[in-house]
Amino acid sequence: MSSDVWSFAVDQDGLVIAEGPDGVEENVRLAFETLVIPFGTRAASVEDFLREWRRMTRDLGFGYTLGTSAAAVKRIDADHVEIADLYGQFETCLMGAGEFENALERMLRFLEQRRSQAS
């Protein structure tokens, strides 16, 4: 599935699969996906992470790190984040800060829509 935005699906094992926009390196896609795997299909987990990320941006600017049990993301400056692997699943990589937040927002919308369809 090619597009100009991040999109998501749930595989047969119930894991959320991320698909990056056209041109996103496979390692960056895998890094983002690995970071968010611990959220499962819980929209509230994504929302909590995004809320904390934005609070830290507001309070600290950059230089902070927030992680999950699978990976960590560090705000290295106003425009970039670094996603670091904890278990050898991908190479540490850079991602645009705006793209990172956009991907989280799109994942949240995907999970909320999925939840409302299941109700």
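1. Basis. The model is predicted: local features need pLDDT of at least 70, side-chain atom pairs count only at pLDDT 80 or more, and totals for chains, interfaces and linings use all residues. Residues are numbered from 1 along each chain as its sequence is written, and side-chain values use heavy atoms, with hydrogens and water left out. Helices (H or I, at least four residues) and strands (E, at least two) are DSSP runs, numbered from the N terminus.

2. The four-stranded sheet. Four strands form an open sheet in the order β3-β4-β5-β6. Pairing is antiparallel; two strands pair if DSSP finds at least two bridges between them. β3 (65-67) and β6 (93-96) are the edge strands, each pairing on one side only. On average, neighbouring strands are turned by 25° against each other, direction ignored. Axes here are lines fitted to C-alpha atoms, for helices over the stretch in contact, and angles run from 0 to 180 degrees between N-to-C directions.

3. The β5-β6 pair. Strand β5 covers residues 80-85 and pairs with β6 over four bridges, in the antiparallel sense.

4. Contact means heavy atoms within 4.5 Å. Helix α3 (residues 97-118) lies across β4, β5 and β6, and runs at about 80° to β6.

5. Helix α3 itself. α3 has 22 residues and reaches 32 Å from its first C-alpha to its last. That is close to the 32 Å expected at 1.5 Å a residue; the expected span is 1.5 Å times one less than the number of residues. Buried residues of α3 include F100, L104, M107, L108 and L111. Buried means under 20% relative accessible area, exposed over 50%, partly exposed in between (1.4 Å probe, protein chains only).

6. S7 stands opposite E19 in β2. Five residues lie between the strands of this hairpin, where G14 takes a positive phi near 85°.

7. Loop residue T41. T41 is found in the loop between α1 (26-36) and α2. T41 is partly exposed, with a relative accessible area of 35%. Not counting residues up to four places away in sequence, T41 touches V10, G14, V16, L111 and R114. T41 and L66 are 25 residues apart in sequence and 20 Å apart in space, C-alpha to C-alpha.
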